[in-house]
Amino acid sequence: MTKLIETLQTQKLAARAAPSTANQRVAQLKALRTQIERYQDVFADAASADFGNRPHFESRLIEVIGTLWVLDHARRNLKKWMKPDRRAPQALFAGPNWLKVTYQPKGVVGIVTPWNMPLYLSLGPLVTAIAAGNRAMIKLPEETPRSNAVIKTLLGEIFDETEVAVFSGEIADPSAFTALPFDHLIFTGSPRVGRLVMEAAAKNLVPVTLELGGKSPAIVAEDYPVADAALRITHGKVAMSGQICVAPDYALVRHTDIPTFVEGVKQAFKQFYPDGVDGPEYCQVVNDRHAGRIKAMLDDAKAKGAAVIPCAPWSGDNSIPLHVVTGVTSDMQIAQEEVFGPILPVVGYGTLDNAIAYVADQPHPLALYLFSKKAAVRDRVIGETRSGGVTVNDWGWHVVNAAVPFGGVGNSGFGSYHGVEGFRELSNARPVFHRAPSFPTQLMYPPINVGPRGIFQRFWMNRYSKKPDPSLGGTPYGDSTEAKHD
């Protein structure tokens, strides 16, 4: 705990003493990009070892390239983002005065990283923190010690601890990190833990960004080819074995199309993994505890009458093939909890109204996926539901577009850390009003309603606020008895 407090105090002092310039921020991001490229193979090896097996392609695409996209966008745009934003003063203050919003670094940003994507979900927020001129302290997850070591080395070679400090297994009590008085805290994880993080941050009035996942639905409309939807939803479910916060959690499919959809998922899985789950291209569930959670969900669904269809043979280890579950009922764990693994519940619906109502009745998800070629269907679903983001006719790709914000809404979190919205999230938007020496604000001084000043005051008040309703009572403005109270 002492090390955490000392580091935070040192970073806060450094932030006050030496705020970073635009050129310094660009240089830091360039150095970080070089390090990510240098260490990408070492990181992919480490991540695979942490998971038992994780394909290098997935680590490179999702974590390495995904982070570089965020970084490149920030590096290209941060000078523009940093420029003061000129605003028009209210009409009363127009003329020689000027008004602007400046974007000031908040100070020290705390970043709490989950185990599923330790590089992307630590360095992605770090990129935004640097672009906004902040210092950062990063808490890495206990589940990925090898990946943590790579990230710590990667950052330690280019950043002093007064700029970026990294903590992992050396923190005996992880809650000590979220209890620190940061200037902003970013947490990625479950809604349950997110509530605890927010409670801890509230004790210090620390503003938070929460990315909390949730049950992201994939709606297959009646006009869309079922086989193509099954292919794309399957890809979203098998990438990292569904251990991605924006993976499709469940599919909403018309009752009559469910058999075709299930067959499409099975064929897609076979197409992706002709050798089943034992080949090098299939990602394992990260550890025994999480594998046990997946197994318990499947057992619960079976016990409550669901049909559970594995897409490949399974020996019972942590290489769990995708399981499609039909006959889902609301009392099943897979209908209530975020799956976060290789299970695809399929929920049947009769009409589009039914599908929209089903989604609207659930807590707001981090993502929503709609498969439809009809603009009217797209407009209805997007307009009548809420989610952190949307991809139409595929899954997840809105997240990797760094020009737009990434975050949740309601139960799936709030705030964002991509694009200009992320820059502003980690900045203090500071309005600055400059009164020109010749501008007579003293016309608003007391005593009121006296002499020429009073004429101006009455004109201005009546100009901007029209006649009140006399039937409601109250003392008319300008009356000599106004504002006389005991």
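Guide: What follows starts with the chain, goes on to the helix pair, and then visits the cavities and pockets.

This is a predicted model. The chain has 486 residues, and 50% of them count as buried. It is built with 15 helices and 16 strands. Along the principal axes, the C-alpha atoms fill a box of roughly 90 × 60 × 40 Å. Take the contacts between residues at least 6 apart in sequence: 71% of them join residues at least 24 apart.

Now the helix pair. Two packed helices are described by an angle between axes and a distance between axes. Helix α3 covers residues 56-82, and helix α4 covers residues 120-131. Their axes are 9 Å apart, at an angle of about 5 degrees. Angles under 35 degrees count as roughly parallel, so α3 and α4 are roughly parallel to each other. On the α3 side, the contact is made by I62, E63, G66, T67, V70, L71, A74 and L78. On the α4 side, Y120, L123, G124, V127 and A131 take part. By class, the contact residues divide into 9 nonpolar, 3 polar and 1 charged.

The largest cavity involves both helices. Its volume is about 40 Å³. The lining consists of V70, H73, A74, W81, V127, T128, A402, H418 and G419. Both α3 and α4 give two or more residues to this lining. α3 gives the most, with 4 residues. The classes are 5 nonpolar, 4 polar and no charged residues.

The elements that give two or more residues here are α3 and α8 (226-238). The largest share, 5 residues, comes from α3. This lining has 19 nonpolar, 2 polar and 2 charged residues.

The structure holds 2 cavities of 30 Å³ or more. The second largest cavity has a volume of about 40 Å³. G214, K237, G242, I244, C245, A247, P248, D249, E338 and F340 line it. They divide into 5 nonpolar, 2 polar and 3 charged.

The largest pocket has a volume of about 1,300 Å³. Of its 46 lining residues, the closest to the centre are F187, G189, S190, R192 and V193. At least two lining residues come from each of α6 (175-178), β6, α7 (191-202), α10 (288-303) and α11 (333-336). α7 supplies the largest share, 7 residues. The lining has 20 nonpolar, 14 polar and 12 charged residues.

One last stop is T188. This residue is found in strand β6, residues 184-188. Its relative accessibility is 5%, so T188 counts as buried. Leaving aside neighbours within four places in sequence, T188 is in contact with V112, P114, L121, E211 and Y417.

Definitions and conventions
Residues numbered from 1 in each chain as written. Predicted model: local features only at pLDDT ≥ 70, side-chain atom pairs only at ≥ 80, totals over all residues. Heavy atoms only, no water. Axes fitted to C-alpha atoms, helices over the stretch in contact; angles between N-to-C directions. Parallel < 35°, antiparallel > 145°, perpendicular 65-115°, else oblique. Contact = heavy atoms within 4.5 Å. Nonpolar A, V, L, I, M, F, W, Y, C, P; charged D, E, K, R; others polar. Buried < 20%, exposed > 50% of the residue type's maximum accessible area, 1.4 Å probe, protein only. 1 Å grid on protein atoms, 1.4 Å probe; cavity = no way out; pocket = protein on both sides within 12 Å on 5 of 7 lines; lining within 4 Å. Points joined across faces, edges and corners; volume = space filled by probe spheres on them.
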